[in-house]
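These are my notes from a first look through one structure. I wrote them in the order in which I looked things up.

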Amino acid sequence: MHLPRFRQSVAADLCVDTVSVASDASNFAVLELFTERRDLMSLPVIEHERPIGLISRNIFMSQMSKPFYHEVYGKKSCIAFMDKEPLIVDAAMSIEDLTFRAVESGEKALADGFIITRDGALDGVGFGLQLMNVVANMQAEKNRQIMHSIDYASVIQRALLRTSRAALSAALADAELIWQPRDVVGGDFYYFASYPDGWFAAIADCTGHGVPGAFMTLISSSTLAQALQQLGPRDPAALIGEVSRGVKTMLGQTDGRRPADHQQPESNDGMDAAFLWFDAASRQLTFAGAKLSLLMLTPDADAVQAIDSERMGVGYVDTPPDFIWTNKTITVAPGSLLFITTDGLVDQIGGHKDIAYGKRRIRDQLLAQRAAPAAQVSAALLADFQQWQGAQPRRDDLTFFCFRP
């Protein structure tokens with residue numbers, strides 16, 4: 001893809017001045033900095049004037065809040081909690097090269113930021129959200145250039161989803177995941193990871209669609225990746241709570257109270273989500289949901305069973321930071337068909353009466369295709385949905401996950 005204006009901007013344009021700490025500084029010193037500087041999301045660690053690591057505020061504060069961590073780690077060197085392999089780029093690196101490097105480095109570079117150097121010495125830090133904004137807006141002077149930037153954002157979004165798609169294909173032989181953004185980029189995302197004793201999956205519908213929705217998927221998916229590193233995959237409810245707090249922190253959405261400057265938070269964004277952990281040995285599925293339910297059709301059942309979710313969204317201003325989502329654990333009989341969808345499927349207007357597609361039609365399709373492979377079930381449902389939509393415009397992003405564990 002040809003993006004000529006990328007070549008006129010460099011990493012230095014994203015550089016934000018920052019404080020740093022020496023590698024022999026204590027964790028108490030880092031804690032004091034993070035406490036005093038609530039805007040400080042990442043802290044470079046330097047040695048002989050050169051950066052050697054990056055401390056993420058979210059990970060550090062989470063670790064130091066654990067019992068006895070103050071006593072055990074407080075006086076020890078801050079390298080105990082730093083990322084020893086952060087993305088480090090020269091100030092002269094082009095935005096195009098920086099974007100590819102950030103994607104190659106994974107979600108931590110987009111979530112925690114990256115270090116910018118000049119002649120090897122620390123110059124400042126840059127952040128993933130800044131980078132995506134630059135990618136999306138560099139060519140905003142002309143409509144054609146805007147479309148180029150959105151197309152490039154789509155490349156980034158699809159690249160971030162590719163690893164999950166590959167893990168899903170390797171772990172589940174009978175599964176199908178449909179992801180269709182309404183626009184070039186979208187506000188739905190999925191996450192899948194395989195483990196020696198099972199697998200974890202997440203389906204989420206972030207606020208908005210198009211470019212704003214895509215920004216929210218970046219924030220939400222990177223926060224989920226951090227939560228998985230800290231908590232592991234086996235407690236979906238705890239993970240939703242951690243992601244909710246992370247989103248609230250990143251967007252300044254602090255439990256509905258006015259911040260120190262007495263202004264209302266500038267955003268009120270979040271997501272609906274369903275998190276799953278499947279234990280392969282016991283065939284037990286643990287589900288936790290925020291406004292997204294799980295549908296299940298067992299081989300001997302004559303109706304689709306709904307496993308309901310909590311009616312509390314993830315991240316929003318009005319979501320309490322201490323809200324506790326609950327896990328629901330079921331033993332999945334062999335041959336059972338399970339299904340999760342975002343509201344883009346349910347709410348689509350169509351049919352001869354111009355009404356929503358609805359949950360009943362989904363259940364009818366699952367029952368009608370109950371003996372078919374998940375791919376065939378999904379194809380039949382998608383064909384029925386498209387016929388229902390007819391000439392109506394697509395209202396929202398469309399994502400659903402159909403599988404037999």
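**Entry 1: T223.** I listed the contacts of T223 beyond four places in sequence and found E242, V243, G246, V247 and M250. The model is predicted, so I take each entry as a reading of a prediction. T223 itself lies in helix α8. Is T223 buried or exposed? I found a relative accessible area of 4% for T223, and because the cut-off for buried is under 20%, T223 is buried.

**Entry 2: strand β11.** I went through β11 (residues 284-290) and its two partners. How many residues of β11 are buried? I noted 6 of the 7, so the strand is largely enclosed by the rest of the structure.

On one side, β10 (residues 271-279) is joined to β11 by 6 bridges, and the two run antiparallel. In this pair I found D279 opposite Q284, and F275 has A288 as its bridge partner. The hairpin of β10 and β11 has 4 residues between the strands, and R283 there takes a positive phi near 60°.

The other partner I looked up is β14 (residues 328-331). It is joined to β11 by 4 bridges, again in the antiparallel sense. Here L285 stands opposite I330. I also wrote down a rule for reading strands: in a regular strand the side chains alternate between the two faces of the sheet.

**Entry 3: helix α2.** I looked at how α2 (residues 57-64) sits in the fold. Of its 8 residues, 6 are buried, so the helix is largely enclosed by the rest of the structure. Which residues are they? I listed R57, I59, F60, S62, Q63 and M64. What do they pack against? The buried residues of α2 pack against α1 (27-36), β3 (50-56), α3 (69-73), α8 (210-231) and α9 (236-251).

**Entry 4: S56.** I stepped back to S56, which has its place in strand β3. Its relative accessibility is 6%, so S56 counts as buried. Leaving out neighbours within four places in sequence, I found S56 in contact with F34, M41, D112 and Q226.

**Entry 5: the cavity.** I counted 1 cavity of 30 Å³ or more. The largest cavity has a volume of about 40 Å³. Which residues line the largest cavity? I noted L54, D83, P86, L87, S105, K108, A109, D112 and G113. Helix α5 (residues 107-112) gives the largest share of this lining, with 3 residues. Sorted by kind, the lining has 4 nonpolar, 2 polar and 3 charged residues.

**Entry 6: the three-stranded sheet.** Last, I looked up another open sheet, in which 3 strands stand in the order β4-β5-β6 with mixed pairing. Its edges are β4 (88-90) and β6 (121-126); each has a single partner strand, so one side of each is left without a neighbour in the sheet. Direction ignored, neighbouring strands of this sheet are turned by 35° against each other on average. I then checked β4 against β5 (residues 114-118), and found that they pair in the parallel sense over 3 bridges. In this pair V89 stands opposite I116.

Conventions:
Residues are numbered from 1 along each chain as its sequence is written. This is a predicted model: local features need pLDDT of at least 70, side-chain atom pairs count only at pLDDT 80 or more; totals for chains, interfaces and linings use all residues. Side-chain values use heavy atoms; hydrogens and water are left out. Buried means under 20% relative accessible area, exposed over 50%, partly exposed in between (1.4 Å probe, protein chains only). Contact means heavy atoms within 4.5 Å. On a 1 Å grid over the protein atoms alone, a cavity is a set of points where a 1.4 Å probe fits but cannot get out, and a pocket is an open set with protein on both sides within 12 Å along at least five of seven lines; lining residues have an atom within 4 Å of a point. Grid points are joined across faces, edges and corners, and a volume is the space filled by probe spheres set on the points. Ala, Val, Leu, Ile, Met, Phe, Trp, Tyr, Cys and Pro count as nonpolar, Asp, Glu, Lys and Arg as charged, and the others, Gly among them, as polar. Two strands pair if DSSP finds at least two bridges between them. Axes are lines fitted to C-alpha atoms, for helices over the stretch in contact, and angles run from 0 to 180 degrees between N-to-C directions.
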